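Please look through the sequence and the model below before reading on. The paragraphs that follow go through a few parts of the chain in turn.

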Amino acid sequence: MIQDIFPSKLKNEYKNVKMKKEDCLLIFDQEGRILLGEEGDEIMFPLGKMGEKLRTVYLFSIDEKRYFLCLEKLEPELKGFAFYGIRDVRDRFRGKEVYAVFTAYHLWRWYADNVFCGRCGTSLEIDDKERALRCPKCGNVIYPRINPAVIVGVIKGDCLLITRYRRGFAQNALVAGFVEIGETLEECVAREVMEETGIKVKNVRYYKSQPWGMAQDVLVGFFCEADGDEEIRMDETELKYAEWVRRSEIV
């Protein structure tokens, strides 16, 4: 899983500190692509020495390496560096730096989407004590957005329910979806499976969770079993296909 970077450790508590020359500077363009270099399959980040006069904010540390986000709109041309989409980063690179990019993207999206107060329209300011944005006029405080979502392994005997979305992610996937207001995670599991495939489920049980900055969410994994009728009635507006796949056929 992307967050499994042991023995390294993410330190995500907010600190009101200034960027140093040796720190990593993360620059996103307006499309959400990040400026990176590469050395083999290793990610290289621009360093703080190139952005000493830029407006930045501390994001987090991994071990002793500190990461800062550039808050200004710029697309510098650096030799050996290029802008990569988040999915490109996942497919092209490996290691803890990928986790850093995903986590940074989550925070960049939040800062980029919250420039003005939703209550009075005043420009927001970065709080100096916690990870928050504060309105200097009405006092409204905005914290980072995290969307809870479920991903579900539906089992029937020796088979697993596999789907593929009609748009977006183009590979095989499990049933997944965002939690709606007023429902539990377990209720979301049952609803999403029913909506996408027409299958009722039972014995819903928790597996693991995973931060997933690409969609600003935390994915909560579950297993469950088909309950009764196992005939798939696929939602054709959302899925290209859905089918039961035997364990021996899953690579």
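Helices (H or I, at least four residues) and strands (E, at least two) are DSSP runs, numbered from the N terminus. Residues are numbered from 1 along each chain as its sequence is written. This is a predicted model, in which local features need pLDDT of at least 70 and side-chain atom pairs count only at pLDDT 80 or more, while totals for chains, interfaces and linings use all residues; side-chain values use heavy atoms, with hydrogens and water left out.

Begin with helix 3, which covers residues 185-197. Its 13 residues reach 18 Å from the first C-alpha to the last, close to the 18 Å expected at 1.5 Å a residue (the expected span is 1.5 Å times one less than the number of residues). Gly198 follows helix 3 and has a positive phi, near 75°. Which residues of helix 3 are buried? They are Cys188, Val189, Arg191, Glu192, Val193, Glu196 and Thr197. Here buried means under 20% relative accessible area, exposed means over 50%, and partly exposed lies in between (1.4 Å probe, protein chains only). An α-helix has 3.6 residues a turn, so residues three or four places apart point the same way. The buried residues of helix 3 pack against strand 11 (147-156), strand 12 (159-165), strand 13 (175-178), strand 14, strand 15 (217-226) and strand 16 (239-246).

Strand 14 spans residues 201-212 and contains Asn203. With a relative accessible area of 46%, Asn203 is partly exposed. Leaving aside neighbours within four places in sequence, Asn203 is in contact (heavy atoms within 4.5 Å) with Phe223, Cys224 and Glu225. The side chains of Asn203 and Glu225 are also joined by a polar contact of 3.1 Å. A polar contact is a pair of N or O atoms within 3.5 Å; within protein, one must be able to donate a hydrogen and the other to accept it, and residues adjacent in sequence count only if both atoms are side-chain atoms. Asn203 and Gly153 are 50 residues apart in sequence and 12 Å apart in space, C-alpha to C-alpha.

Next comes strand 6, where 5 of the 6 residues are buried. Two strands pair if DSSP finds at least two bridges between them. Strand 2 (residues 24-26) runs parallel to strand 6, joined by 3 bridges, and Cys24 has Tyr67 as its bridge partner in strand 6. Strand 5 runs antiparallel to strand 6, joined by 6 bridges, and Tyr58 has Phe68 as its bridge partner there. Strands 5 and 6 form a hairpin with 2 residues between them, and Asp63 in the turn has a positive phi of about 55°.

The structure holds 11 aromatic pairs. Rings of Phe, Tyr and Trp (its six-membered ring) pair if their centres lie within 6.5 Å; planes under 30 degrees apart count as stacked, over 60 as edge-to-face and the rest as tilted. One of the pairs is Phe45 with Tyr67, which is edge-to-face at 5.4 Å centre to centre and 85° between the planes. These two residues are 22 residues apart: Phe45 is in the loop between strand 4 (42-44) and strand 5 (56-62), and Tyr67 is in strand 6 (residues 65-70). Phe45 counts as buried because its relative accessibility is 8%, and Tyr67 is buried at 1%. Elsewhere, ring pairs link Phe28, Tyr105 and Trp108 into a cluster.

Finally, an open sheet of 3 strands has the order 8-9-10, with antiparallel pairing. Its edge strands, strand 8 (125-126) and strand 10 (141-142), each pair on one side only. Strand 8 pairs with strand 9 (residues 133-134) over 2 bridges, and Glu125 stands opposite Arg134 in strand 9.
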